[in-house]
Amino acid sequence: NAAASGESGNAAASGARGNAAASGESGNAAASGARGTATVTGKYGSAKALGDGCLAVAWGPESKAMGKLGAWLVLSEYKGGTIVDARMVRVDGKTINPGIWYMLRNGGIVEVEE
């Protein structure tokens with residue numbers, strides 16, 4: 001398990017079922033081991049699911065997530081500091097592509113720049 005709580009902090013977990021969490025603004029979390037979880041809760045956070053069966057959770061305002069084929073992404077949308085929507089999708093290579101950043105905006109999942 002790895003955690004970062006300061007601004008622009010980075011957390012990475014590479015072992016099986018490892019968890020990485022970043023809570024500060026512009027934090028980054030990555031999980032590369034099998035069935036790992038990467039979670040960001042701060043504004044502008046980035047979560048990556050790079051291992052088999054991994055989950056990337058973008059649970060902060062303006063946060064984004066990406067994953068490899070077969071990974072799951074959890075995306076949230078905020079208005080006025082309150083969560084107004086959340087979605088969970090699988091990186092299937094058709095609708096949601098591997099190696100692409102995604103955010104939830106206006107109720108829809110959109111590609112975003114790095």
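The chain has twelve strands and zero helices; the model is a predicted one.

Biologist: What pattern does the chain follow, read along the sequence?

Modeller: Along the sequence the pattern is β-β-β-β-β-β-β-β-β-β-β-β. The C-alpha trace spans about 35 × 35 × 20 Å along its principal axes.

Biologist: How do you know whether the radius of gyration agrees with that of a compact globule?

Modeller: A compact globule with 114 residues would have a radius of gyration near 13 Å. The chain has 13 Å, and therefore the value agrees with the rule.

Biologist: What share of the residues counts as buried, and how much accessible surface does the chain have?

Modeller: Of the 114 residues, 41% count as buried. The accessible surface comes to about 5,700 Å², and 47% of that area belongs to carbon and sulfur atoms.

Biologist: Why is Trp-101 called buried?

Modeller: Trp-101 has a relative accessible area of 6%. Buried means under 20%, so Trp-101 is buried at its 6%.

Biologist: Where is Trp-101 found, and with which residues is Trp-101 in contact, leaving aside its neighbours within four places in sequence?

Modeller: Trp-101 belongs to strand β11, which covers residues 101-105. Its contacts beyond those neighbours include Ser-46, Ala-47 and Lys-48. Lys-64, Ala-65 and Met-66 are also among them, as are Val-110 and Val-112.

Biologist: What makes Arg-105 and Glu-62 a salt bridge?

Modeller: The closest N and O atoms of Arg-105 and Glu-62 are 3.9 Å apart. A salt bridge requires a side-chain nitrogen of Lys or Arg within 4 Å of a carboxyl oxygen of Asp or Glu, so this pair at 3.9 Å counts as one. The pair links distant parts of the chain, with Arg-105 in strand β11 and Glu-62 in the loop between β7 (55-58) and β8 (64-67), 43 residues apart.

Biologist: Why are Arg-105 and Glu-62 called partly exposed?

Modeller: Arg-105 has 38% relative accessibility, and Glu-62 has a relative accessible area of 41%. Partly exposed lies between the limits of under 20% for buried and over 50% for exposed. Both values fall in between, and therefore Arg-105 and Glu-62 are partly exposed.

Biologist: How many salt bridges are counted by this rule?

Modeller: The count comes to four salt bridges. One of them joins Lys-79 to Glu-77, with the closest N and O atoms 3.4 Å apart. Another joins Arg-87 to Asp-85, where the corresponding separation is 3.0 Å.

Biologist: Are Lys-79 and Glu-77 buried or partly exposed?

Modeller: Lys-79 is partly exposed, because its relative accessible area of 46% lies between 20% and 50%. Glu-77 is buried, because its 6% relative accessibility is under 20%.

Biologist: What is the phi of Glu-62?

Modeller: Glu-62 is not a glycine, and it has a positive phi of about 60°.

Biologist: How far apart are the mean positions of the positive and negative charges?

Modeller: The chain has 11 positive and 10 negative charges, and their mean positions are 7 Å apart.

Technical notes: Residues numbered from 1 in each chain as written. Predicted model: local features only at pLDDT ≥ 70, side-chain atom pairs only at ≥ 80, totals over all residues. Heavy atoms only, no water. Helix = DSSP H or I, 4+ residues; strand = E, 2+ residues; numbered from the N terminus. Buried < 20%, exposed > 50% of the residue type's maximum accessible area, 1.4 Å probe, protein only. Contact = heavy atoms within 4.5 Å. Rg over C-alpha atoms; globule rule 2.2 N^0.38 Å. Areas by Shrake-Rupley, 256 points an atom, 1.4 Å probe, with all protein chains shown as cover. Lys, Arg positive; Asp, Glu negative; His and termini not counted. Charge placed at Lys NZ, Arg CZ, Asp CG, Glu CD.
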